[in-house]
Number of protein chains: 2
Amino acid sequence: MSKQVSISVIRRLPRYYRFLGELLKNGIHRISSRELSSRMGLTASQIRQDLNCFGGFGQQGYGYNVEALYGEIGHILGLDQNYKTILIGVGNLGRAVANHMTFDGRGYELIGLFDSNEKVVGDVVRDIAVMDMDEMEDFCIKNKPDVAILCTPREAAQRIADKLVELGVRGFWNYSHYDINMNHPHVAVENVHLGDSLMTLCYKVKDLDSPDGPAEGNKNI
Amino acid sequence: MSKQVSISVIRRLPRYYRFLGELLKNGIHRISSRELSSRMGLTASQIRQDLNCFGGFGQQGYGYNVEALYGEIGHILGLDQNYKTILIGVGNLGRAVANHMTFDGRGYELIGLFDSNEKVVGDVVRDIAVMDMDEMEDFCIKNKPDVAILCTPREAAQRIADKLVELGVRGFWNYSHYDINMNHPHVAVENVHLGDSLMTLCYKVKDLDSPDGPAEGNKNI
């Protein structure tokens, strides 16, 4: 695989993966780049260009084999990995994340939940009993998780992230707003800033009232 | 304001807004595009280009006036609007969103919460008592919300979204995975697909093990 793949292409892969998964569910096994583009709101040439980054899977006059493309994109994303994953902070957000996300078959295996609130410790979420934060270090030494999901407030996040990096965690799904990469540039981090999406919506709603109608920025992307 | 602003620029504005807000909090009132770029992981020329889309706020040899830029980006995003907002689906995710998001001063005023689960109706979340779904229509006729936050399962979302569009709602912050724009192309929608971020993290973690080290795609963006 080429190292020249840009972050924008990578970021579109999960969308392709979702759309292709929907097609498979609906029994569609072949699709042209034109059809795929109209469903995804991207140009056909954009799609061809994106998929060419990874070797190209289309066949002239036939289109894409949905199942093969779905499998290959999953492989590129690493969804066939099985990263041992822990979640820290089992409040409403942590519970929502633990309960609603698909981990198995998406590269992750959720193996532990931790919270410092004694009212929460012992609760069973997704068949896992929430452990006390004091147990985290021993658990990590024994079970060697690869990835941590940080659903704690920002203030607690720095100390926890530092400790987890020391314990060998190298990937963070970070809801805490603490900038983990500032002190740990070599771990993989996905920061989730839901507020950014809410601000973008604000722009889009305001833009509906613009005298010329919505700008290009208001496409459903 | 130019209509030529691309979605990628718009999507970066909330990040600028957050960073500038942090600077203000730390008493920093002036910043060069070079400093801003090193903090944000964008190139200085990218930053100049982005901010030029809106008229440019920098002064040669002086840099950016943080407060002015912060105010202007907020204005462009529409954060000085006051969109009346309701939230549907007060499970863990809905509660997390209602409790943790900043609405006031970010363009929104949260005025109502709705759920169909009678165990949840009457609960007070963020000083608002959760109402029954059956009350939604009357509430909307009376209060005319502009924006709805959809935290329901996908199956329920279509019916609810159709009804809300009929009732005049024209912006959706959509956690439901139902594609609202398919039937309603003229409303503003921000879809939140947390799974996409989780899949991107999977790629980044896998890429750490790549023999050549992490690809360009693994930047902290």
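Start by selecting residues 15–54 of chain A, which an unreviewed UniProt entry lists as "DNA-binding region"; such annotations may be inferred rather than shown by experiment, and their positions are given here in the numbering of this model. The span is 70% helix and 5% strand, and its end C-alpha atoms lie 16 Å apart. Helices (H or I, at least four residues) and strands (E, at least two) are DSSP runs, numbered from the N terminus.

A word on the model: it is predicted, local features need pLDDT of at least 70, side-chain atom pairs count only at pLDDT 80 or more, and totals for chains, interfaces and linings use all residues. Residues are numbered from 1 along each chain as written, chains are lettered from A and ligands numbered from 1 in the order written, and side-chain values use heavy atoms, without hydrogens and water.

Next, select H1(A) (residues 7–25) together with H2(A): their axes come within 11 Å and cross at roughly 110°. Axes are lines fitted to C-alpha atoms, for helices over the stretch in contact, and angles run from 0 to 180 degrees between N-to-C directions. The two helices are therefore roughly perpendicular (65 to 115 degrees). Show the side chains of A:Phe19 and A:Leu20 on H1(A) and A:Leu36 on H2(A), which are among the residues making the contact (heavy atoms within 4.5 Å). This contact has six nonpolar, no polar and two charged residues. Ala, Val, Leu, Ile, Met, Phe, Trp, Tyr, Cys and Pro count as nonpolar, Asp, Glu, Lys and Arg as charged, and the others, Gly among them, as polar.

Now move on to H2(A) (residues 33–40) and H3(A) (residues 44–52), which pack at about 110° with axes 8 Å apart. This pair is therefore roughly perpendicular too. Look for A:Leu36 and A:Ser37 of H2(A) and A:Ile47 of H3(A), among others, in the contact. Here there are three nonpolar, two polar and two charged residues.

Zoom out to see chain A as domain 1 (7–77) and domain 2 (83–195), with bounds from an automatic or database assignment. Their centres, over C-alpha atoms, are 32 Å apart. Then select residues 78–179 of chain A, listed by UniProt in an unreviewed entry as "domain: CoA-binding"; this span is 29% helix and 27% strand.

Methods:
Parallel < 35°, antiparallel > 145°, perpendicular 65-115°, else oblique.
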